[in-house]
Amino acid sequence: MATIKAFIFDLDGVIVDTAKYHFKAWQRLAKELDIHFDEQDNEQLKGVSRKESLEKILGWGNKTISQEEKETLMHRKNEWYLEYVDQMPADEALPGAKEFLQAAKDLNLRIALGSASKNAVKILDKLQIKDQFEAIIDGNKTTKSKPSPQVFLLGSDALNLDPADCVVFEDSVAGVEAAIKGDFKAVGVGDAKTLEKAHLIIEGLGDTTPAQVINQLNF
Ligand code: B16
Ligand code: MG
């Protein structure tokens, strides 16, 4: 049996919920483009990169634009998103997330981040938890989006560990798929039905402890 030596966390939806800020910023952009975009549409953008999110929105509105225009729109959306994030208080981490990280440290588990976001470091800084992460793999370091396992494989590489010795915590279907493809242990954070492929499903980091997760995965 593999020994669990590290936890690799997705950011948005696991440690913090910035989906609402992504939503507000994408909605503002969609409105300018005269494209309908609601909260249900936003669900399909969770865990998806900025570039792919824009492609999806343009597709829903049947709009074709140049690469240069796409760059401008992505930049605008990100400026708005960062304005919202800047106003986010340090206690906006999801319930129990900070305590879970500390409890994992106390068990001598190693900790890495595996996020699609190019703003991950800024957000971790804002939440005052950046120092808890030994390795940070974000959207600036990856070339392939989830469900490619690349982001998590770069994480286990940075820790010099086998994927089988690492647990990935993910809230998106694509992320759970990525973890399984990469041969990691996958913990789905959120809805049991949506994330049914995960080895274990928890409601949130506040509903369990690192020791419980390890015990449950070992059965
Ligand atoms: P950015 P995660 C993802 O973060 C978000 O879930 C997704 O909605 C967002 O589009 C993506 O990051 C890229 O974010 O525009 O900040 O680079 O869940 O992988 O931590
Ligand atoms: Mg996520």
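Asparagine 62 is exposed, with a relative accessible area of 71%. Here exposed means over 50% relative accessible area, buried means under 20%, and partly exposed lies in between (1.4 Å probe, protein chains only). The model is a predicted one: local features need pLDDT of at least 70, side-chain atom pairs count only at pLDDT 80 or more, and totals for chains, interfaces and linings use all residues. Residues are numbered from 1 along each chain as its sequence is written, chains are lettered from A and ligands numbered from 1 in the order in which they are written, and side-chain values use heavy atoms, with hydrogens and water left out.

Asparagine 62 lies in the loop between α3 (50-60) and α4 (67-86). Its phi is positive, about 55°, although the residue is not a glycine. Asparagine 160 also has a positive phi, near 60°. This residue sits in the loop between α7 and β4. Asparagine 160 is exposed, with a relative accessible area of 70%. A further backbone feature is the peptide bond from lysine 146 to proline 147, which is cis, with omega near 15°. Proline 147 is found in the loop between β3 (135-137) and α7 (150-159). For context, most residues other than glycine have a negative phi, and most peptide bonds are trans.

The protein has 9 helices and 6 strands. Both kinds of element are DSSP runs, numbered from the N terminus: helices are H or I with at least four residues, and strands are E with at least two. Strand β1 covers residues 6-9. Both of its faces are covered. Ala6 and Ile8 on one side are buried, and so are Phe7 and Phe9 on the other. In a regular strand the side chains alternate between the two faces of the sheet.

Strand β1 pairs with two strands, β2 and β4. Two strands pair if DSSP finds at least two bridges between them. Strand β2 (residues 110-114) runs parallel to β1, and 4 bridges join them. Alanine 6 has arginine 110 as its bridge partner in β2. Isoleucine 8 stands opposite alanine 112 in β2. Strand β4 (residues 166-170) is also parallel to β1, again over 4 bridges. There, isoleucine 8 faces valine 168.

Strand β2 pairs with β3 as well. These two strands run parallel and are joined by 3 bridges. Leucine 113 stands opposite isoleucine 136 in β3. Of the 5 residues of β2, 4 are buried, so the strand is largely enclosed by the rest of the structure.

The whole chain was then considered. A compact globule of 219 residues would have a radius of gyration near 17 Å, and the protein agrees, with 17 Å. The radius is taken over C-alpha atoms, and the globule rule is 2.2 Å times the number of residues to the power 0.38. Along the principal axes, the C-alpha atoms fill a box of roughly 55 × 35 × 30 Å. Of the 219 residues, 50% count as buried. Contact means heavy atoms within 4.5 Å. Among contacts between residues at least 6 apart in sequence, 61% join residues at least 24 apart.
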